[in-house]
Amino acid sequence: MSSPSKADKKASLDAASWMFNVVTSVGIILVNKALMATYGFSFATTLTGLHFATTTLLTLVLRWLGYIQPSHLPLGDLLKFVFFANFSIVGMNVSLMWNSVGFYQIAKLSMIPVSCFLEVVLDKVRYSRDTKLSILVVLLGVAVCTVTDVSVNAKGFIAALIAVWSTSLQQYYVHYLQRRYNLGSFNLLGHTAPAQASSLLLVGPFVDYFLTSKRVDAYPFSFTSVAFIVLSCTIAVGTNLSQFICIGRFTAVSFQVLGHMKTILVLILGFIFFGKDGLNLHVVFGMIIAVAGMVWYGNASARPGGKERRSVSMNGGSKAQKQEDSADATEEAEEKV
């Protein structure tokens with residue numbers, strides 16, 4: 001019996017990475033919804049800081065066990081990443097508070113064209129006609145099933161603008177830093193998680209007080225609410241790691257496009273667990289369009305010329321290819337952990 005080819009192994013690892021991200025992302029959304037809606041823990045920024053603190057503990061354990069090797073990330077690049085990442089978290093929370101749900105969903109959808117713009121300008125990526133059309137179909141499908149009332153004001157628009165660009169830049173930087181410095185997902189997380197944990201835990205309580213007019217130290221903690229917080233932090237470790245793995249293996253644009261599959265799954269699970277009042281014909285129709293667009297995007301971007309990076313020079317292209325091959329080898333090792 002012949003051993004699997006390199007392409008087959010890569011396809012299997014890609015599928016496993018994506019499934020890991022989908023399961024953990026959908027799981028944390030459902031747990032956080034229960035934590036905030038049922039137990040009133042509405043301190044989203046502080047909770048995110050706890051997520052990264054838990055992730056930091058994991059990276060320390062993995063470094064002690066030898067799964068994370070010493071690596072270097074320049075302080076300037078680390079600070080830029082943390083700046084974009086933290087503005088993304090705060091910006092999304094503020095955007096949700098100041099905007100209608102419909103405009104918030106539109107803002108999230110606009111991350112795809114912004115991510116495309118960053119890849120075209122910064123990475124010289126070229127998309128085929130089919131790839132562009134498939135992205136439009138995904139945007140249309142998700143818009144049909146998620147966008148309802150749309151109202152916006154000046155400060156809400158600015159918050160959404162900051163959230164969209166900071167999130168897109170943060171996701172672009174994940175891919176960029178892994179390739180430039182030959183960092184595996186564990187290594188990059190080991191550099192960024194402590195910085196994000198310390199900064200978010202420092203400013204989180206103040207941001208949450210500004211957003212909710214409630215103090216986290218005055219929250220009436222109970223055994224059940226603490227158990228949900230611990231569960232949320234545990235799942236968040238997988239979410240943070242799987243995001244780095246997926247963006248490293250794919251790109252920020254692919255992560256955004258296929259990521260809307262999680263939106264569809266959250267809607268379906270919400271209908272199952274929290275009632276079927278929002279399930280109607282146009283929502284189902286939008287889901288079908290979105291899934292068809294995702295399948296089309298996967299096929300179109302995988303074809304020759306569907307999505308390719310134009311090399312500036314032969315030497316530069318050769319160096320980039322060596323870094324990519326090395327990163328792929330590192331990612332395969334991570335999947336075996």
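## Salt bridges

R303 is partly exposed, at 42% relative accessibility. In this predicted model, R303 forms a salt bridge with D130, and the closest N and O atoms of the two lie 3.3 Å apart. The pair connects distant parts of the chain: D130 belongs to helix α6 (residues 129-146), whereas R303 sits in the loop between α11 (281-302) and β2 (307-309), 173 residues apart. D130 is likewise classed as partly exposed, with a relative accessible area of 25%. Salt bridges with shared partners join R129, D130 and R303 into one network.

The whole structure contains four salt bridges. One of them pairs D77 with K80, with the closest N and O atoms 3.7 Å apart. Because D77 and K80 are three residues apart in helix α3, about one helical turn separates them. D77 is buried, with a relative accessible area of 9%, while K80 is partly exposed at 39%. A further salt bridge joins R215 to D217, where the closest N and O atoms are 2.5 Å apart; both R215 and D217 are exposed.

## Overall architecture

The chain comprises 12 helices and two strands. Read from the N terminus, the order of elements is α-α-α-α-α-β-α-α-α-α-α-α-β-α. Of the 337 residues in the chain, 48% are buried. Among contacts with a separation of 6 or more, 88% involve residues 24 or more positions apart. The chain exposes about 16,800 Å², of which carbon and sulfur atoms supply 69%.

In soluble globular proteins, nonpolar side chains tend to be buried together. The largest nonpolar core here has 29 residues, and F81 and L188 touch the most other members. Two or more residues of this core come from each of α1 (6-39), α3 (75-98), α7 (154-180), α8 (185-212) and α9 (223-249).

Setting aside neighbours within four places in sequence, F81 is in contact with Q170, Y173, V174, L177, T192, Q196 and F244.

## Nonpolar surface patch

Helices α3, α5 and α7 each provide at least two of its residues, and α7 gives the largest share, five residues. One member, I158, is located in helix α7 and is partly exposed, with a relative accessible area of 49%.

## Cysteines

The structure holds zero disulfides. C116 counts as buried, at 13% relative accessibility, and C233 is also buried, with a relative accessible area of 7%.

K124, although not a glycine, has a positive phi of about 55°. K124 lies in the loop between α5 (111-122) and β1 (125-127) and is partly exposed, at 42% relative accessibility.

S213 is another residue other than glycine with a positive phi, near 60°. The loop between α8 and α9 holds S213, which counts as exposed at 58% relative accessibility.

Terms used:
Residues numbered from 1 in each chain as written. Predicted model: local features only at pLDDT ≥ 70, side-chain atom pairs only at ≥ 80, totals over all residues. Heavy atoms only, no water. Core = buried A, V, L, I, M, F, W, Y, C linked by side-chain atoms within 4.5 Å. Buried < 20%, exposed > 50% of the residue type's maximum accessible area, 1.4 Å probe, protein only. Helix = DSSP H or I, 4+ residues; strand = E, 2+ residues; numbered from the N terminus. Contact = heavy atoms within 4.5 Å. Areas by Shrake-Rupley, 256 points an atom, 1.4 Å probe, with all protein chains shown as cover. Disulfide = S-S within 2.5 Å. Salt bridge = Lys/Arg side-chain N within 4 Å of Asp/Glu carboxyl O.
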